[in-house]
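Hi,

Here is the structure I promised to pass on.

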Amino acid sequence: MPITQLRVLYFSNKGKMIALADALAKKLNVKADVIPPAHPCELERVVFILASIGKKTPDTLRRFCMTLNRDRTDYVAFLFDGDRVNATDIINAAAETGAKVCEEKLFVNLGFSPSFLKILPDDIKNQTFEWADRILATIQ
């Protein structure tokens, strides 16, 4: 079975992050899903993970990333809203499983946003789309 699928997954309660995941998924012609997803990753080409992280590494996100082995995905691409130190913990959790973590990670600042506020700045959306296009171009 060929590996041709893309997944967009998010870990956030922020409306802007959810809107960003939905916009990226729409661009890639897939559906965004929350972490942990309803259906596990299986034979994916690229899993895009968009996550809001704070001062503490989210254990649910870390444990999910530890499942992303080579049977589940070829590549993992990360976009973070939050602390770079805790982002490293998440990146390392995925890298230790054998999936290739894409070199370019994107860090955005979405600020505080209640879950109902889904107004996404165009510059962040465009930056995200350009990042995803670069990721896809480097792996093909």
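Below is what turned up on the core, the cysteines and the salt bridges.

Some ground rules before the details. This is a predicted model, so local features need pLDDT of at least 70 and side-chain atom pairs count only at pLDDT 80 or more, while totals for chains, interfaces and linings use all residues. Residues are numbered from 1 along each chain as its sequence is written, and side-chain values use heavy atoms, with hydrogens and water left out.

Core first. A nonpolar core here is a set of buried Ala, Val, Leu, Ile, Met, Phe, Trp, Tyr and Cys residues joined through side-chain atoms within 4.5 Å. Buried is under 20% relative accessible area, exposed is over 50%, and partly exposed is in between (1.4 Å probe, protein chains only). The largest such core has 30 residues, and those with the most contacts inside it include Val 8, Phe 48, Leu 79 and Trp 131. At least two residues each come from strands E1 (5–11), E3 (44–53), E4 (73–82) and E6 (106–108) and from helices H1 (15–27) and H4 (122–139); these are DSSP runs numbered from the N terminus (helices H or I, at least four residues; strands E, at least two). There is also a second, separate core of 22 residues, with Ala 51, Val 76, Ile 90 and Ala 99 among them.

Leu 79 is worth a click: leaving out residues up to four places away in sequence, its contacts (heavy atoms within 4.5 Å) include Met 17, Ile 49, Leu 106 and Trp 131.

No disulfides, by the way: the count is zero, with a disulfide taken as a pair of cysteine sulfur atoms within 2.5 Å. Cys 41 is buried at 2% relative accessibility, and Cys 65 is buried at 0%.

As for salt bridges (a side-chain nitrogen of Lys or Arg within 4 Å of a carboxyl oxygen of Asp or Glu), the structure has 10. Arg 7 and Glu 44 pair up at 3.4 Å, N to O, linking strand E1 to strand E3 across 37 residues. Both Arg 7 and Glu 44 are buried, and together with Asp 33 they make up a salt-bridge network.

Asp 133 bridges to Lys 27 at 3.0 Å. Asp 133 sits in helix H4 and Lys 27 in helix H1, so this pair ties together parts 106 residues apart in sequence.

Cheers
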